[in-house]
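Me: I'd like to go through this model and check what each label rests on. Can you keep the cut-offs in view as we go?

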Amino acid sequence: EILPHCGPSNARLRAHVTVAAAAGASLRVGAPDAKRVEWGAAPLVFDDSFEHDVIHEGADPRIVLVLDAWHPELPPERRRFELYGRLS
């Protein structure tokens, strides 16, 4: 189980790419009562600034590659700020 947590900002999108799938995994993003999504082999992309958690009740291990990408609506000058803490 990965407890509820949030990313530091909405400047990025996070992708979870399954390397080794296992039955019994689910992901919840958003409100505590949001619908859980069964998580198979398909990659998932979401804004991790929203609270999210994972429950894995299966017997087999699950391996996930986590990738970050700039949010597509984030202007270049904000990307520089997110990287370096300044605009120029």
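Me: What volume does the largest pocket have?

Reply: About 260 Å³. The model is predicted, so local features need pLDDT of at least 70 and side-chain atom pairs count only at pLDDT 80 or more, while totals for chains, interfaces and linings use all residues. Residues are numbered from 1 along each chain as its sequence is written, and side-chain values use heavy atoms, with hydrogens and water left out.

Me: What makes something a pocket, and how is its volume defined?

Reply: On a 1 Å grid over the protein atoms alone, a pocket is an open set of points where a 1.4 Å probe fits, with protein on both sides within 12 Å along at least five of seven lines; lining residues have an atom within 4 Å of a point. Points are joined across faces, edges and corners, and the volume is the space filled by probe spheres set on them.

Me: Which residues are closest to the centre of the largest pocket?

Reply: Of the 13 lining residues, those are Ile 2, His 16, Trp 39, Val 54 and Val 64. Strand S6 gives the most to this lining, with three residues.

Me: Why is Arg 28 called buried?

Reply: Buried means under 20% relative accessible area (1.4 Å probe, protein chains only). Arg 28 is at 3%, so it counts as buried. Ser 26 is at 8%, so that one counts as buried too.

Me: What makes the link between Arg 28 and Glu 51 a polar contact?

Reply: The rule asks for a pair of N or O atoms within 3.5 Å, one able to donate a hydrogen and the other to accept it; residues adjacent in sequence count only if both atoms are side-chain atoms. The side chains of Arg 28 and Glu 51 make theirs at 3.0 Å, and those of Ser 26 and Arg 36 at 2.9 Å. The Arg 28 side chain also reaches the backbone oxygen of Gly 30 at 2.5 Å.

Me: How do you know that S3 and S6 pair?

Reply: Strands (DSSP runs of E, at least two residues) are numbered from the N terminus. Two of them pair if DSSP finds at least two bridges between them. Five bridges join S3 to S6, which run antiparallel, so the pair passes that test. Leu 27, for one, has Val 54 as its bridge partner in S6.

Me: What is the strand order in the open sheet, and why are S1 and S4 at its edges?

Reply: The order is S1-S6-S3-S4, with antiparallel pairing. S1 and S4 each have a single partner strand, so one side of each is left without a neighbour in the sheet.

Terms used. Buried < 20%, exposed > 50% of the residue type's maximum accessible area, 1.4 Å probe, protein only. Helix = DSSP H or I, 4+ residues; strand = E, 2+ residues; numbered from the N terminus.
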